[in-house]
Amino acid sequence: MTFLKVQDIHHTYFTKSNAVTALSNISLQVNEGEFISFLGPSGCGKTTLLSIIAGLFQPTEGRVELEGKQVATLKSEIGYMLQQDYLFPWKTIEENILLGLKINHHLDEEKKAYAKDLLMQMGLSDVESLYPKQLSGGMRQRVALVRTLATEPKLLMLDEPFSALDYQTKLHLENLVSDTLKSFGKTAILVTHDIGEAIAMSDRIYLFAPSPGKIHKVFEIPEELRECSPFDTRNHPMNAEIFQTIWKEMESLGSQESHKSTP
Amino acid sequence: MDHKSHTKALHNAYIRSLKKEKYWVRFYQLVIFLIFFSGWEIASRNKWIDPLIFSSPSKVWELFLIKVQDGTLFFDLGFTLSETILGFILGTLLGTILAAILWWSPFLSKILDPYLVILNSMPKVALGPILIVALGPSFTSIVAMGTIISVIITTIVVYTSFREVDPNYIKVLQTFGGTRFQIFKEAILPSSFPVIISTLKVNVGLSWVGVIVGEFLVASKGLGYMIIYGFQVFNFTLVMLSLLVIAVLATIMYQAVEFLEKKLIKNN
Ligand SMILES: Nc1ncnc2c1ncn2[C@@H]1O[C@H](COP(=O)(O)OP(=O)(O)OP(=O)(O)O)[C@@H](O)[C@H]1O
Ligand SMILES: [Mg+2]
């Protein structure tokens, strides 16, 4: 059963001085409950694609359907966590996590309790009345995740949620996010620069090539690894081999980026 | 433990040195105040400066007591103060509303851009005579002066800050399906509060200028009128009294805005 269907997307940004084609000929399908990663060097259009899937703007060409319906009409079913936490500094943590519910007028006691419960599950208790600047980067990232999950989206998109964190926090959050999403059976798309992270988290990896952004190759992660937690996957004997394959493929793209992670 | 108590002793010494400095600052401020007023008094008594023009603190004080007793000072003061506060509030409010309208419609803002530049560079007090003809020589036209002098600059400054809000906050709201109004209310306005408050501070000063000039032109009461009247009948004690009262009132208003600032943006 196809849950998300992205069909023949082309996108060109027009500015006064030039026209940048960010995406060309993107088609992909995601089933319900799958975890997908977009991997690729900087500037290959990953954020652009997420924005289009989220219905924030129309692509120059192509369509995106969620359960057979055009996405522009059903924003509240898609949760999108941006590249940084973007918590509102003048709102408390509680006001921040309830923002989505307030905006789409679904704020009631039950939903409120649900959001607070999520916060507890993320290991954040007694922070409701604090302001974002009083939290560490990792804590803020978790709060942003709670804010996104609180509206109970059917599809969750995460744009490099862990890239600004230290290694230990990152490993910890990978497990936490993976567990949380699995327990809710959510469909998710993760954008990352980090091959190891992509392997650890996903069922399938789309490798993007730049200028213009297109899907270069698709890697299916073996069943065996999928069942492990992200941390165990990183230490699994099969991991190194898959990492090598993807690494070589990325090298062949002549990417300008250096990749931070090791298997 | 020993090390800890040592640190504590050093900290106490540091706090004492801070207090001492504050004490000296206050002391010299007082010295300047006393030298200024006693110097003024002495120079005037000994006719080193023309007492008819520069008056003297004792004469100003006498006049102050007289005008307090017969109530005329509070009458003039109340008149001018209400004009200024009204002009100040209207200027800031209208400026912010105009900025919101410009933010709402980028197309309109492009159209109005050159007109804003012209209006802003124009010396607003020069519009005084026109306002008086249009609105009549009254309270209204003086308030209009106090308003018009600050409204355009407020519009420009606040609109600029509306536009500089990080677009990613807008994006967050859009991912939740936020409407343009919700975006304004949740992101644009609150993140511009610091700028709006700082324009308040500037507007305090501007509104005083507008109102005093307005009173120069038309009023038959108020502190500005006291200055002009004192000037015409060569009663400079009256002029000085009026100036001192204005200085005190403007300072109080400024302090009130600073207090408001501390209350409103403690979390940013
Ligand atoms: N608003 C915009 N206007 C014009 N060009 C844009 C705009 N946003 C992105 N681009 C261009 O589109 C291309 C893809 O950008 P995008 O942000 O989607 O890349 P990305 O894969 O998310 O990169 P990164 O990994 O660095 O986040 C880039 O060449 C970028 O310069
Ligand atoms: Mg990006």
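Reader: Okay, helices (H or I, at least four residues) and strands (E, at least two) are DSSP runs, numbered from the N terminus. So where is the place of His105(A)?

Author: His105(A) sits in the loop between helix H3 (99–103) and helix H4 (109–121) of chain A. Before going on: this is a predicted model, in which local features need pLDDT of at least 70 and side-chain atom pairs count only at pLDDT 80 or more, while totals for chains, interfaces and linings use all residues. Residues are numbered from 1 along each chain as its sequence is written, chains are lettered from A and ligands numbered from 1 in the order in which they are written, and side-chain values use heavy atoms, with hydrogens and water left out.

Reader: Got it. Is His105(A) buried or exposed?

Author: His105(A) is exposed, with a relative accessible area of 64%. Buried means under 20% relative accessible area, exposed over 50%, and partly exposed in between (1.4 Å probe, protein chains only). Its phi is near 55°, a positive value in a residue other than glycine.

Reader: Which strand holds Asn25(A), and what's its phi near?

Author: Asn25(A) is in strand S2 of chain A, and its phi is near 55°, a positive value too. Asn25(A) is partly exposed, at 49% relative accessible area. For background, most residues other than glycine have a negative phi, and most peptide bonds are trans.

Reader: Which two residues does a cis peptide bond join?

Author: Ser211(A) and Pro212(A), with omega about -15°. Pro212(A) belongs to the loop between S9 and S10 of chain A.

Reader: New topic: what surrounds ligand 1?

Author: Its shell is made of Tyr13(A), Ala22(A), Ser42(A), Gly43(A), Cys44(A), Gly45(A), Lys46(A), Thr47(A), Thr48(A), Gln83(A), Glu160(A) and His193(A). A residue gets in if one of its heavy atoms lies within 4 Å of the ligand. Helix H1 (residues 46–53) of chain A gives the most to this shell, with three residues.

Reader: How many of the shell residues are nonpolar, polar and charged?

Author: Three are nonpolar, seven polar and two charged.

Reader: Where are the polar contacts to oxygen atoms of ligand 1?

Author: A polar side-chain atom of Thr48(A) lies 2.5 Å from a ligand oxygen. For Gly43(A), a backbone N or O atom is 2.9 Å from one. His193(A) puts an N or O atom of its side chain 3.1 Å from an oxygen of ligand 1. Taken alone, ligand 1 exposes 640 Å², and the protein buries 64% of that. A polar contact here is a pair of N or O atoms within 3.5 Å; within protein, one must be able to donate a hydrogen and the other to accept it, and residues adjacent in sequence count only if both atoms are side-chain atoms. The areas come from the Shrake-Rupley method with a 1.4 Å probe; for residues, only the protein chains shown count as cover.

Reader: And which protein donors does the magnesium ion have?

Author: Thr47(A) (OG1) and Gln83(A) (OE1), lying 1.9 to 2.8 Å from the ion, which is ligand 2. Thr47(A) lies in helix H1 and Gln83(A) in the loop between strand S6 (78–81) and helix H2 (93–97) of chain A, so the pair ties together parts 36 residues apart in sequence. Donors are N, O and S atoms within 2.8 Å of the metal (3.2 Å for Na, K and Ca); water is not among the atoms, so sites may look incomplete.

Reader: How about strand S3 of chain A, how many of its residues are buried?

Author: Five of the five residues of S3 (35–39) are buried, so it is largely enclosed by the rest of the structure. Phe35(A), Ser37(A) and Leu39(A) are on one side, with Ile36(A) and Phe38(A) on the other.

Reader: Which strands does it pair with?

Author: S3(A) pairs in the parallel sense with strand S8 (residues 187–192) of chain A over five bridges, and four bridges join it, also parallel, to strand S9 (residues 204–209) of chain A. Ser37(A) stands opposite Leu190(A) in S8(A), while Ile36(A) has Arg204(A) as its bridge partner in S9(A). Two strands pair if DSSP finds at least two bridges between them.

Definitions and conventions:
Ala, Val, Leu, Ile, Met, Phe, Trp, Tyr, Cys and Pro count as nonpolar, Asp, Glu, Lys and Arg as charged, and the others, Gly among them, as polar.
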